[in-house]
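User: I would like to learn how to read the features of a model of this kind. Please take them one at a time, with the general idea before the case.

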Amino acid sequence: MASGKLPTEAEKEQIFGMAQTEMEYRVELFNRLTATCFNKCIEKRYKESELHLGENSCIDRCVSKYMQVNNLVGQLLQTPPM
Amino acid sequence: MASGKLPTEAEKEQIFGMAQTEMEYRVELFNRLTATCFNKCIEKRYKESELHLGENSCIDRCVSKYMQVNNLVGQLLQTPPM
Amino acid sequence: MASGKLPTEAEKEQIFGMAQTEMEYRVELFNRLTATCFNKCIEKRYKESELHLGENSCIDRCVSKYMQVNNLVGQLLQTPPM
Amino acid sequence: IEGLQMKDSLRMYNSLVERSFNDCVDSFRRKTLDKQEESCVRKCVEKYMKHQMRVGMRFAELNQGAPTSDSD
Amino acid sequence: IEGLQMKDSLRMYNSLVERSFNDCVDSFRRKTLDKQEESCVRKCVEKYMKHQMRVGMRFAELNQGAPTSDSD
Amino acid sequence: IEGLQMKDSLRMYNSLVERSFNDCVDSFRRKTLDKQEESCVRKCVEKYMKHQMRVGMRFAELNQGAPTSDSD
């Protein structure tokens, strides 16, 4: 978009489309992260309805590591192997 | 929508959008229910192409229980856990 | 569409819609095929970053068999059982 | 709406292909299906369609609040 | 955008139903949930919601580059 | 159409992150990846990309009805 000019209708639509795609991407990232960390950290016998200490700290670390993997994959896909 | 008035174009679009979302929800519910009950009830060795008696009654009960879980989750999500 | 006539706007839209649905179908087929053959053929310990000979030939056969299953299912769904 | 149904049945189709492939094909020593694999796929698809039809009937009954035949 | 959020929360809802059903219901000798299954579903849903809330907080912190309380 | 490709590659990206996380990360005693986990993720991603490229070639061949090199 040229600086100092107002965006045209077509440009506005493109910007909106990109924002929507970006949001859908983040929603999907969050959903996969949530499901994955639930599988890795939460006891499946469901004896209680509270998260206990071990589960809570597992969740924190799981989110942190998942985001690191997310960033690492992003780097790897930008620099093609070899 | 005000009673006694015809819906405007914008209202019509909103109603149509809600109906579509509702339909997508039901389609997804049906698809997940179908796949889940297939996993729980059907023999994976596929010796025959007919469903046998045990499979048929398992399917009926599976659908019934799945819909109960569906309703229960709906109730739980409306009353926020303390 | 009548032969010898230009398509109307509505017809163009329908053709475009069908082309898009067809493309979405092929993308989904490719994605499921890719994930399935990765699960069936690739060693999960990730000791190397290269595909070894056994993995490569497994992939070729997996793609071939998957497409055969795809065609077979297509045939079966067109001729209703019994 | 029609487009949505089309899309949905194509997704169902793709998931049925994936399921029958996963359940029936495990050997990759050849690149064509053998008789046993093909027969397994046929039965899987037929069973799946019958299963889906039965689920559809029960689902419709429950949505209409109709009484079901199976006693608790 | 509103429509997208609606759609997304309905997908979350459906996946939570599937998860709690899969984790809690394994017997098909009756067509109604027994006490134990119902209690299991309740706990599963409550745990999932608490889990999701915690993930949401951590996710938001990391997106803002805020320091986290948990030391390495 | 361009938007659709974009969306699709973002979905592929998300599924690759999930896969490599699931296959490579199992310990939650620290909140950063250790060397071994990082190396595992790298190899997983490289293998996946090579795998996907090969699948893409075979897929294209079969769609064009071209003869394949691998004899039955």
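**Reading the loop, the helices and the chains**

Analyst: Y46(B) sits in the loop between helix 1 and helix 2 of chain B. Helices (H or I, at least four residues) and strands (E, at least two) are DSSP runs, numbered from the N terminus. The model is a predicted one: local features need pLDDT of at least 70 and side-chain atom pairs count only at pLDDT 80 or more, whereas totals for chains, interfaces and linings use all residues. Residues are numbered from 1 along each chain as its sequence is written, chains are lettered from A and ligands numbered from 1 in the order in which they are written, and side-chain values use heavy atoms, with hydrogens and water left out.

User: What is the phi of Y46(B)?

Analyst: As a general idea, most residues other than glycine have a negative phi. Y46(B), although not a glycine, has a positive phi of about 50 degrees. In chain C, Y46(C) lies in the loop between helix 1 (9–41) and helix 2 (53–78), and its phi is likewise positive, near 50 degrees.

User: Is Y46(B) buried or exposed?

Analyst: Buried means under 20% relative accessible area, exposed over 50%, and partly exposed in between, with a 1.4 Å probe and protein chains only. Y46(B) has 3% relative accessibility and therefore counts as buried. Y46(C) is buried as well, with a relative accessible area of 3%.

User: Which residues of helix 1 of chain A are buried?

Analyst: An α-helix has 3.6 residues a turn, so residues three or four places apart point the same way. In helix 1 of chain A, the buried residues include T21(A), Y25(A), E28(A), L29(A) and R32(A). In helix 1 of chain B, the buried residues include L33(B), T36(B), C37(B) and C41(B).

User: How is the span of helix 1 of chain A judged?

Analyst: The expected span of a helix is 1.5 Å times one less than its number of residues. For the 33 residues of helix 1 (residues 9–41) of chain A this gives 48 Å, and the end C-alpha atoms are 48 Å apart, which agrees. Before that helix lies L6(A), which is exposed at 77% relative accessibility. The C-alpha atoms of L6(A) and K44(A), 38 residues apart along the chain, are separated by 55 Å.

User: Why is chain A described as more spread out than a compact globule?

Analyst: The radius of gyration is taken over C-alpha atoms, and the globule rule is 2.2 Å times the number of residues to the power 0.38. Chain A has 2 helices and 0 strands. Its radius of gyration is 20 Å, well over the 12 Å that the rule gives for 82 residues, so chain A is more spread out than a compact globule. Its C-alpha atoms fill a box of roughly 60 × 40 × 20 Å along the principal axes, and buried residues make up 39% of the 82 residues.

User: What contact does the side chain of N56(B) make?

Analyst: A polar contact is a pair of N or O atoms within 3.5 Å; within protein, one must be able to donate a hydrogen and the other to accept it, and residues adjacent in sequence count only if both atoms are side-chain atoms. The side chain of N56(B) makes such a contact with the side chain of R54(D), at 3.3 Å. N56(B) belongs to helix 2 (residues 53–78) of chain B and counts as buried at 17% relative accessibility. Chain D, which holds the partner residue, has 2 helices and 0 strands, and 40% of its 72 residues count as buried.
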